[in-house]
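Hi,

Here is the structure I promised to pass on. Have a look at it first, and then read my notes below.

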Amino acid sequence: MSSIYKKGFRDDPYDASMANLRKARASGNYRPPRPFRSKEEQLMVRRFALQWWTCRDHRPSARAWAWELGITHVWLLKLVRKFETDPGDVSRLQAYGDPTIEQLSRAKQYTEKMRARGELRSPRRSVSMPPAIEPAMERFVRARFAEGWSRSRLVRELFLDRRTMTSILQKITQNSGREP
């Protein structure tokens, strides 16, 4: 959706978000976000990414290798681009030697301990579960739907999300045979 303001009177979205970020960092309440994994696991992932990048014989795909490491292939390719531009980083990682699966598993265990202590971000969920629907709300929606309220009116006036509304209306239509 385009903006209702003329182009000369609005900021570029990137500039506006950067200005908001500067404002947030300048405030006294700002805390930087917690990392997703421990420093040890980050180092192991970088070492395995370097091993994948320098592999000359049968090399698996970036997606397959990233899946084994528990990261996204986008991050793996981002690390590879960094290796290509920073040879000093490559030589520092090569000084550690070849990584082992045991080292990676120990680093992952340490990450889990840190996550349990609340020092790291919780992992993102790819699929969010819809909230449990209270029986009273379901009865209320059924009554209003029987009165002839439309789906959009139900969502708008009862402050429900569309996923919850759809699940309630599917139950209603299965029982009554009426189209929502």
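The protein exposes about 13,800 Å², and carbon and sulfur atoms supply 54% of that. Areas are Shrake-Rupley values with a 1.4 Å probe, and for residues only the protein chains shown count as cover.

Some housekeeping: this is a predicted model, with local features needing pLDDT of at least 70 and side-chain atom pairs counting only at pLDDT 80 or more, while totals for chains, interfaces and linings use all residues. Residues are numbered from 1 along each chain as its sequence is written, and side-chain values use heavy atoms, leaving out hydrogens and water.

On to the fold. The secondary structure comes to nine helices and zero strands; both are DSSP runs, numbered from the N terminus (helices are H or I with at least four residues, strands E with at least two). Of the 180 residues, 24% count as buried, where buried means under 20% relative accessible area, exposed over 50%, and partly exposed in between (1.4 Å probe, protein chains only). Among contacts between residues at least 6 apart in sequence, 66% join residues at least 24 apart; a contact is heavy atoms within 4.5 Å.

Next, the cores. I use "nonpolar core" for a set of buried Ala, Val, Leu, Ile, Met, Phe, Trp, Tyr and Cys residues joined through side-chain atoms within 4.5 Å. The largest has 18 residues, of which L69, I71, L76 and F83 touch the most other members. Helices α2, α3, α4, α5 and α6 (101-116) each give two or more residues to this core, and α2 gives the most, with six. Setting aside neighbours within four places in sequence, I71 is in contact with R37, V45, A66 and L76. There is also a second, separate core of 10 residues, including F145, W149, L158 and M165.

Now the rings. A search of the whole structure finds two aromatic pairs. To pair, rings of Phe, Tyr and Trp (its six-membered ring) need centres within 6.5 Å; planes under 30 degrees apart are stacked, over 60 edge-to-face, and the rest tilted. F48 and W65 have ring centres 6.3 Å apart and planes at 55°, so they are tilted. That pair links distant parts of the chain, 17 residues apart: F48 is in α2 (residues 39-54) and W65 in α3 (residues 62-69). F48 counts as buried, at 5% relative accessibility.

W53 and F83 form a tilted pair too, 5.9 Å centre to centre with 35° between the planes. W53 counts as partly exposed at 24%, whereas F83 is buried at 2%.

R121 lies over the face of F36, 4.3 Å from the ring centre, and the charged end of R153 is over the ring of W149, 4.0 Å from its centre.

Lastly, which residues of α5 (residues 87-94) are buried? They are D89, V90 and L93. These cover an arc of only 100° around the axis, so they lie on the same side of α5; the arc is taken from the directions from the helix axis to the C-beta atoms. P87 and R92, on the other side, are exposed. Cover for the buried residues of α5 includes α2 and α4.

Cheers

Methods
Lys NZ or Arg CZ within 6 Å of the ring centre and 35° of its normal.
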